[in-house]
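User: I would like to go through this model with you, beginning with the metal site. Could you take my questions one at a time?
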Amino acid sequence: MIKLYNTLSRKKEIFKPIKDKKVGMYTCGPTVYDYDHLGHAWTYTQADLLRRMLEYNGYKIKQVLNITDVGHLTDDSDSGEDKMEKSAKEKKKNVFEIADYYIKIYLENRKKLNLEEPEIICRATDHIKEMIDLIKILIKKGYAYETEDGIYFEVKKFPFYGKLSGNTLKKLKAGARIEINPYKKSPFDFALWKLTPKGVKRQMEWDSPWGKGFPGWHIECSAMSMKYLGKTFDIHTGGEDNIFPHHESEIAQSEAATGKKFVNYWFHPRFLKINGQKMSKSLKNFLTLSDIEKEGFSAIDLRYLFLTSHYKSPFNFTFKKLKNAQISLNKIYENFSLLKEGKGEIDKKYKKEFLNAINDDLNMPKAISVLWKLIKDKKIKEENKRATLIDFDKVLGLNIEKIEKEIIPPLIEDLAYQREKLRKEKKWEEADKLRKEIEKNGYRIDDTKKGPIIKKIK
Ligand SMILES: [Zn+2]
């Protein structure tokens, strides 16, 4: 039995997919106008853990990941500049080059974090026709209207608006500083299609029945998710900041168009903070994967750190925590490399404990504590311990098996050999001199029960 917190019902629910052993899952992808940062890494790693947990339980996943490469305005209220075109202008590049560049980096970062590849990765710009078709249906059914500057969704026509975020029209009206947009019937209506203003030439624009223009941000996710997963599908993931207005608007558009429930389970990890502060442009505290790599950490160190926290708790990133995560992860690798190879069996008791943890709304901190309990358990046969750790890693994704043995230069090997000889002769002082010599050369020696292990100092 799998329990999952559902943003829609605001409680943990028993997970039941639409088709018995198949799960359709849509993941809101990045807007590719800038480098992806640790906040993205956190959110996408949680979506990866969710799919790996379901796979571990025997489900077959069809995950769709979209790439927003058009039409996301700097201001959520449908005004301001297009983030893609703005970035292109600043960098004096073509907007398509900007998109390709950041997509490439984002996909490389996914590989580094060991995120499983989604079955479908789709770009908004390849689905303009599907978006136009959906907008046509909304106009025909009376949910959308045409104005001089574009097509808008009329929120008051959809009575369930607010069911995901709690931002009902009534609440919005009570709390808002209302900005008047002369083209909208209500300030809470949102854009489905924006027309290119007269006299302006955009780099990205397409013909439509209403004139040249580009899609609003929300419509792409409704069009692409329903194209690949059907009118109703199992899980939709995204960052906490996507709940409103993005996902609320996706529900409104999709359910208005089809008359059916759009998504059964909404999965939203909490925010990632840096040193207790929200990441923001003004604080200039955006950290990327390459920033942490420069400090001597790997993406898998970061992945391990993420595993020590629950996705429904805000995650506070610090370098100190990352250092501790790196040390723990190295200990896991070390313990694993010392285990006897051979035909082992997965330990049933530990597997059950592990499964109970991950199936309880992805309780990864608990799962990690089961892993450590297993590592320290001296009663389990080494071969079985090894087999069980490899099995757990299907979900954890820490590359426990793949970790490369470091190549140690002959000089260091020789010094280590001489040192070991001296130690056996109980010549401690001389042995210690050699240890210092090894450290001076950038290596260190860990004396384990199975003998000394040489490692490069990071
Ligand atoms: Zn989306």
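This is a predicted model: local features need pLDDT of at least 70, side-chain atom pairs count only at pLDDT 80 or more; totals for chains, interfaces and linings use all residues.

User: Which atoms coordinate the zinc ion?
Analyst: The zinc ion is coordinated by SG of Cys28, SG of Cys221 and NE2 of His246, at 2.1 Å. Along the chain, these donors follow the spacing C-x192-C-x24-H.

User: Where do Cys28 and Cys221 lie?
Analyst: Cys28 is in the loop between strand 3 (22–27) and helix 1 (38–56), while Cys221 is in helix 6 (residues 217–229), so the pair ties together parts that are 193 residues apart in sequence.

User: Turning to charges, how many salt bridges are there?
Analyst: The count comes to 37 salt bridges. The chain has 90 positive and 68 negative side chains, and the centres of these two sets lie 4 Å apart.

User: Which residue does Arg419 pair with in a salt bridge?
Analyst: Arg419 pairs with Asp447, and their closest N and O atoms are 2.9 Å apart. Because Arg419 lies in helix 14 (residues 410–424) and Asp447 in strand 17 (residues 443–448), the pair ties together parts that are 28 residues apart in sequence.

User: Is Arg419 buried or exposed?
Analyst: Arg419 counts as buried, at 4% relative accessibility. Asp447 is partly exposed, with a relative accessible area of 40%.

User: And what about Lys185 and Glu154?
Analyst: Lys185 forms a salt bridge with Glu154, with 3.4 Å between the closest N and O atoms. The pair links distant parts of the chain, 31 residues apart: Lys185 is in the loop between helix 5 (169–175) and strand 10 (190–195), and Glu154 is in the loop between strand 9 (150–153) and helix 5. Lys185 counts as exposed at 55% relative accessibility, whereas Glu154 is buried at 5%.

User: Where do Glu108 and Lys104 lie?
Analyst: Both lie in helix 3 (residues 95–112), 4 residues apart, which is about one turn of the helix. Glu108 is partly exposed at 38% relative accessible area, and Lys104 is exposed at 55%.

User: Finally, what does the chain look like overall?
Analyst: There are 15 helices and 18 strands in the chain. Its C-alpha atoms fill a box of roughly 90 × 50 × 35 Å along the principal axes. Of the 458 residues, 54% count as buried. The accessible surface comes to about 22,900 Å², of which 52% belongs to carbon and sulfur atoms.

Definitions and conventions: Residues are numbered from 1 along each chain as its sequence is written. Side-chain values use heavy atoms; hydrogens and water are left out. Helices (H or I, at least four residues) and strands (E, at least two) are DSSP runs, numbered from the N terminus. Buried means under 20% relative accessible area, exposed over 50%, partly exposed in between (1.4 Å probe, protein chains only). Accessible areas come from the Shrake-Rupley method with a 1.4 Å probe; for residues, only the protein chains shown count as cover. Lys and Arg count as positive and Asp and Glu as negative; His and the chain ends are not counted. The place of a charge is taken as NZ of Lys, CZ of Arg, CG of Asp or CD of Glu. Donors are N, O and S atoms within 2.8 Å of the metal (3.2 Å for Na, K and Ca); water is not among the atoms, so sites may look incomplete. A salt bridge is a side-chain nitrogen of Lys or Arg within 4 Å of a carboxyl oxygen of Asp or Glu.
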